[in-house]
Amino acid sequence: QVQLVESGGGLVQAGGSLRLSCVASGLTFSADAMGWFRQAPGKERELVATINWSGSRTQYGDSVKGRITISRDNDKKTVFLQMNSLKPEDTAVYYCAAAPGRYGELPTSGFDSWGQGTQVTVSS
């Protein structure tokens, strides 16, 4: 497992941009796939994006495809989520999570380490 702390959330107007960061501590970060999830009030938790251990492969949820980019810097033990053209429906708490390599390069399950979340609010 790895400990994760998100930052970079806040209030932004519709059409604006925001970059979230997730800083990891522990010994397994470089071997883990990473994901960004979000959860809005009254809604199910939603997968936003995943990235494999090296950063060479990514996958995005349909609702955000074309507007966001996930990346990672293993030397700095940090994962980023660049969000552009933000919409009010993007308002949610955003979480980063890690999945061990045995769950695959771009897993949809197996995320056993989670950050505390960072609030993103997009005003209309």
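These are my notebook entries on a predicted model of a single chain.

**Fold.** I started with secondary structure and counted 11 strands and zero helices.

**Overall shape.** Next I looked up the radius of gyration, which is 13 Å; a compact globule of 124 residues would come out near 14 Å, so the chain agrees with that expectation. Along the principal axes, I noted a C-alpha box of roughly 40 × 25 × 25 Å.

The accessible surface comes to about 6,300 Å², with 48% of it belonging to carbon and sulfur atoms. For contacts between residues at least 6 apart in sequence, I noted that 58% join residues at least 24 apart.

**Aromatic rings.** My search of the whole structure turned up three aromatic pairs. One of them is Phe37 with Trp114: the ring centres are 4.9 Å apart and the planes meet at 50°, so I logged the pair as tilted. Which parts of the chain does this pair tie together? Phe37 sits in strand 4 (residues 33–39) and Trp114 in strand 10 (residues 113–114), so the link joins parts 77 residues apart in sequence.

I then asked myself: is Phe37 buried or exposed? Its relative accessibility is 7%, so Phe37 counts as buried. Trp114, at 30%, counts as partly exposed. Last entry for today: Phe37 and Trp114 form one aromatic cluster together with Phe111.

Key:
Residues numbered from 1 in each chain as written. Predicted model: local features only at pLDDT ≥ 70, side-chain atom pairs only at ≥ 80, totals over all residues. Heavy atoms only, no water. Helix = DSSP H or I, 4+ residues; strand = E, 2+ residues; numbered from the N terminus. Rg over C-alpha atoms; globule rule 2.2 N^0.38 Å. Contact = heavy atoms within 4.5 Å. Areas by Shrake-Rupley, 256 points an atom, 1.4 Å probe, with all protein chains shown as cover. Phe/Tyr/Trp six-rings, centres within 6.5 Å; stacked < 30°, edge-to-face > 60°. Buried < 20%, exposed > 50% of the residue type's maximum accessible area, 1.4 Å probe, protein only.
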